[in-house]
Amino acid sequence: MVAGNAVQTTSLGEEIVRRINLLGAISEEAGKLTRIYLSKELREAADLILGWMREAGMSAHLDAIGNVCGRYEGEGPGAPCLMLGSHYDTVRDAGKWDGPLGVITAIACVADLNRRGRRLPFAIEVVGFADEEGVRFASTLLGSRALAGTFDKSVLNTRDRDGVSMRDALITFGLDPDHIGAAARTRRELIAYLELHIEQGPVLETQNLPVGVVTAIAGATRLAARLTGMAGHAGTVPMALRRDALAGAAECIGAIEQFCRTDEGGLVGTVGYIQAKPGATNVIPGEVSFTIDMRAPIDMHRKRAVAEIVPQIEAIAERRQLVLQLDVTHENGTAPCAPWLKEQIAQAIGVEGFSVFELPSGAGHDGMAMIDIADVGMIFVRCRGGISHHPDEHVELADAEAGARVLLRVIENFRPWEGKSSPQVTG
Ligand code: HGY
Ligand code: MN
Ligand code: MN
C-alpha cells in the first residue's frame with residue numbers, strides 16, 4: 001500500500017501481530033508471559049511501546065504512574081482528543097493479546113493516518129495503562145484511575161507478595177509516588193475514550209463474527225481474606241482439636257462456588273489466589289490468605305451476593321475457631337458504554353462489511369475508571385475458543401486486521417459533536 005511518502009508493505013494486521021509477538025516476549029518468567037505492574041519488564045515494555053508511538057508520528061511519554069502516553073495532534077495544536085487505549089500489564093502466565101492488542105492496534109491506526117499525512121479536527125491520544133490487572137497490589141485499574149484523577153493514595157501503602165510497598169516499587173521504577181496527581185487529565189481534554197480489546201469469551205466465535213460492539217462492562221468486587229488458626233504437628237494433633245486454616249479456607253471456597261453456581265442472576269465468583277502458611281507437608285496450616293472476585297451484570301445483584309456470602313464465611317470461621325480478616329480491596333460498578341459511541345462503532349462495523357452484534361463484557365477494563373472523565377466505547381475482537389488469561393489466548397490475523405479496520409474507520413468517520421458531554425471541537 002503506497003500512501004504519502006512512505007510505503008507500507010505489510011497490512012495493519014500483519015504489523016499488529018508482529019508487535020504482539022515482540023511485546024509478548026517481554027516477561028519476568030521464562031517460557032511464560034508475566035508482566036506485572038512496576039516490574040523491570042514493564043519498564044522494558046514501556047520503552048518499546050514509546051518507540052512505536054514516536055515512529056507513528058506521536059509525541060510520547062511515560063506518565064507519573066507508569067502509563068505510556070502518545071499524542072497525535074489534530075489539524076490545530078492543543079485540540080481535545082479522542083483517547084484510545086488499553087493496558088500493557090498482564091496476569092501471571094498470561095496470553096499475549098489481553099491488553100496489548102488494544103494499545104498496538106491504536107498505534108497502528110495512528111501510524112496509518114500519519115503515513116497518509118491525515119490530520120483530523122481533533123487530536124488522538126493512545127494510552128497503554130500500566131496496571132489494569134491489579135495482580136501486584138490487589139487493587140486494580142491503578143493506571144486508568146490515576147489518569148481519571150480518582151487514584152486512591154492509600155493503595156501506595158499496600159504491599160506485594162514480597163512485602164514491597166507500591167510506594168517503594170514506584171521509586172524503584174523511577175517514578176515519584178507523591179507526583180501521581182500529575183497523571184490526571186480532565187473531562188475537557190477528552191472527547192471520548194475508545195478501547196479495542198479481545199472478547200475473552202466465546203460469544204463472537206459462536207456468532208461467527210470477528211468483531212462486536214460492547215454494551216457495558218460488568219462491575220466487580222474483590223476481597224482479601226485471611227483465616228488464622230493454629231499451626232501444629234500433622235502427626236500428633238487429633239482432628240477434633242485442630243484449628244486448620246486451610247481446611248477452613250477450603251470450606252469457604254466450596255461455599256462461594258456453591259452460592260454462585262445456584263445463582264440465577266449471572267453471578268460469578270472466583271478464588272484465584274491462595275497461600276497457606278507455614279506451607280510444609282507435615283504442618284497443619286495456621287494461616288491462609290485468599291482472594292475473592294465476585295461479578296454480576298447488575299450491580300445490586302453483585303452487592304447483594306457479597307452481603308449474603310460474607311456471613312457464610314464468617315460462620316465457617318466461627319465454627320472452626322478461626323480468626324477471619326476480610327477486606328474489600330476493589331469495588332467497581334458496571335460501566336455502560338455510551339450510545340453515541342456504540343452507534344459510531346456499529347456504523348464502522350457495517351461499513352467494513354461485518355454484521356453488527358452487541359454484547360456485554362464480563363471482564364473488567366480500564367473503561368470502568370475512564371468513565372469518570374469521558375464517555376466510553378469498546379470494540380471486541382474474537383479470540384479463539386474465548387480463551388483468555390491463559391497462554392493459549394489467540395487472535396487470528398484476519399480478526400486482528402478486522403479490528404484495526406473497524407477502529408480506523410471509527411476514527412476517520414468520528415463525529416465528536418454527537419457526544420452529549422464532549423467539549424466543542426474546533427475545525
Ligand atoms: O479481571 C478482569 O476482568 C480483567 O481481565 N482485569
Ligand atoms: Mn484486559
Ligand atoms: Mn485481563
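Asp98 bridges the manganese ion (ligand 3) and the manganese ion (ligand 2), which lie 3.4 Å apart. This is a predicted model, in which local features need pLDDT of at least 70 and side-chain atom pairs count only at pLDDT 80 or more, while totals for chains, interfaces and linings use all residues. Residues are numbered from 1 along each chain as its sequence is written, chains are lettered from A and ligands numbered from 1 in the order in which they are written, and side-chain values use heavy atoms, with hydrogens and water left out.

## The manganese sites

Which residues hold the manganese ion (ligand 2)? His87 (NE2), Asp98 (OD) and His197 (NE2) coordinate the ion, at 2.0 to 2.2 Å. Donors here are N, O and S atoms within 2.8 Å of the metal (3.2 Å for Na, K and Ca); water is not among the atoms, so sites may look incomplete. Along the chain, the donors of ligand 2 follow the spacing H-x10-D-x98-H. Asp98 sits in the loop between β5 (81-87) and α3 (100-115), and His197 in strand β7 (residues 190-198), so the pair ties together parts that are 99 residues apart in sequence. Helices (H or I, at least four residues) and strands (E, at least two) are DSSP runs, numbered from the N terminus.

Asp98 and His389 link distant parts of the chain, 291 residues apart. His389 is in the loop between β18 (376-381) and α11 (397-412).

## Two domains

The chain is assigned domain 1 (12-217 + 335-412) and domain 2 (219-332). Such bounds come from an automatic or database domain assignment. The C-alpha centres of the two domains lie 32 Å apart.

How many residues of each domain are in contact? For domain 1 the number is 13, and for domain 2 it is 9. Contact means heavy atoms within 4.5 Å. The area buried between the domains is about 760 Å², and carbon and sulfur atoms give 40% of that. Buried area is the accessible area (1.4 Å probe) that two parts lose on being put together, summed over both. The side of domain 1 that touches domain 2 has 5 nonpolar, 5 polar and 3 charged residues. The interface has 0 salt bridges by the rule used.

## Salt bridges

A salt bridge is a side-chain nitrogen of Lys or Arg within 4 Å of a carboxyl oxygen of Asp or Glu. The count comes to 27 by this rule. One of them joins the side chains of Arg136 and Asp160 (3.0 Å, N to O). This pair links distant parts of the chain, 24 residues apart. Arg136 is in the loop between β6 (123-129) and α4 (142-148), and Asp160 in the loop between α4 and α5 (166-173).

## Backbone and loop details

Most residues other than glycine have a negative phi, and most peptide bonds are trans. Asp93 has a positive phi, near 55°. This residue is in the loop between β5 and α3. The peptide bond from Lys277 to Pro278 is cis, with omega near 5°. Pro278 belongs to the loop between β12 (274-277) and β13 (283-284).

Ser27 lies in the loop between α1 (12-24) and α2 (40-55). Beyond its neighbours within four places in sequence, Ser27 is in contact with Lys32, Leu33, Thr34 and Glu41.

How values were computed. Ala, Val, Leu, Ile, Met, Phe, Trp, Tyr, Cys and Pro count as nonpolar, Asp, Glu, Lys and Arg as charged, and the others, Gly among them, as polar.
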